[in-house]
Amino acid sequence: MAEDDRETRVLLKRLYDAAVRAALPEHCLPPHLPVPPAPGEGRLVIFAIGKAAAAMAAAAEDWYDARYPGTHVEGLALTRYGHARSTRHVEVLEGGHPIPDAAGEAASKRLLRMAEWTGPEDLALVLLSGGGSALTVQPLPGLTLADEILLTRALLASGKPIGDINAVRKHISRIKGGRLAAMLHPARSVTLAISDVAGDNPTTIASGPTVPDTTSKARVMAVLDSLAPSIPADLRERIAALPETPKPGDEIFAHAQYQLVASGSASLGAAAALAREAGYDPVALGDALEGEARSLAEAHAARALKARAEGKCAAIISGGEAAVTFRESGVDPAKVKGGPNQEYALALAIALGGADGIWALAADTDGIDGGSGASGDPAGAIVTPDTLKRAMERGLDPKDMLERHDSGTFFGEIGDLVKTGPSYTNVNDFRVILVGTPDSLTENS
């Protein structure tokens, strides 16, 4: 491996680490934590939901124990398998993601029971992060866990934007779509959220359990009717008969506060600052990019090739949430080796065609990029100028593997998977393309 390639790989990983570090709960949460009830005047009850739930709960515990000793703190954190952290006051439970499971359903039932027991003298601290939509599994009467699993598989395979997917999730849930706020009312609640969605819409982050829902039943039915293959007719009828979600102006939100504590924009900014220090000119494409992973990759490859032709030394940085559409019926997204970031990286490598002087990294900031949902799954992948050359030397067909959504196998075979393990936060995709080699890297090599 050439020295400049090695140095650039190190820089790519440092940029990713900087993006993740900016969104870690221990850094972003404490400045926003509310004053708890005075000892003897009420409880502080923590409801933490999402991939960062345990880490957020632990950070909150540390802060309250240090600054408000004697505060009665209890609660429950529901997170993805492999994302648990040690806590003192808050119980941590794990469930399935991205596909809901019975463990998540049991934990969600306990979370609702805790919400029912919260009184007007208590403060409910709701800590939200990405992944909460899949983890909270309490379908409304008339639906079952099996129904929710079927819907989740169909929606994930459709390539629909997260707003459409979560619109459906909200309307079938006893927790999502503002219904947790209904359970907590009239207790005062403060929701602090780490955003993993484009645009940082509170109604979409973890499917908005404590905010009014602005989506409609009509939108839900339109999304369901557009799925191919279609869902069973009896399931459609049962969903059509469900009540609407709580809307703006409902009194259940009278004592509910909401604040964003971290998002993709801050993480991309941290990476951009580091890239500038390394001698690159940052080109920010924003943290709200959505669309098919392949299409994003092709557009970004064109930008990179143009920058290279102009002799620029640039770091093209973007975030958001790429999607993958599985056009063959029966494909289970949870069993595919790869994820949106790995698919983006493979499509990018193909579009770049082995151009010299261009490197890239695409990875999920939670440390896990689709796939089985196991904590050891890759976060993403790295692209280098010789990615295609090394793949072909091993007898791999990049285009065929892209068509089969087998990007994980592709990058695993050439040793370019990014494996970090759970990061305990989640501000979604992080992508960076480095064009050229600045003098600072050349001097170090």
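Predicted model: local features only at pLDDT ≥ 70, side-chain atom pairs only at ≥ 80, totals over all residues.
Student: How many helices and strands are in the protein?
Tutor: There are 17 helices, plus 13 strands.

Student: And how compact is the protein for its length?
Tutor: The radius of gyration is 22 Å, close to the 22 Å the globule rule gives for 445 residues, so the protein is as compact as a globular protein of that length. Buried residues account for 59% of the 445.

Student: What about α3, how far does it reach?
Tutor: Helix α3 covers residues 53-67 and reaches 21 Å from its first C-alpha to its last, close to the 21 Å expected.

Student: Why call α3 largely enclosed?
Tutor: Because eleven of its 15 residues are buried, the rest of the structure largely encloses α3. Among the buried ones are Met56, Glu61, Trp63 and Tyr64.

Student: What covers those buried residues of α3?
Tutor: The cover includes helix α2 and the strands β1, β2, β3, β4 and β5.

Student: Switching topic: which residues have the most contacts inside the largest nonpolar core?
Tutor: Those are Phe47, Leu180, Leu224 and Ile239, in a core of 40 residues. Helix α4 (residues 102-116) gives the largest share of this core, five residues.

Student: What does Leu180 touch?
Tutor: Leaving out residues up to four places away in sequence, Leu180 touches Ile49, Leu111, Ala115, Val126, Arg174, Ile175, Pro209 and Thr210.

Student: Which residues does the second core include?
Tutor: That separate core has 35 residues, including Ala322, Phe326, Leu346 and Leu348.

How values were computed
Residues numbered from 1 in each chain as written. Heavy atoms only, no water. Helix = DSSP H or I, 4+ residues; strand = E, 2+ residues; numbered from the N terminus. Expected span 1.5 Å × (residues − 1). Buried < 20%, exposed > 50% of the residue type's maximum accessible area, 1.4 Å probe, protein only. Contact = heavy atoms within 4.5 Å. Core = buried A, V, L, I, M, F, W, Y, C linked by side-chain atoms within 4.5 Å. Rg over C-alpha atoms; globule rule 2.2 N^0.38 Å.
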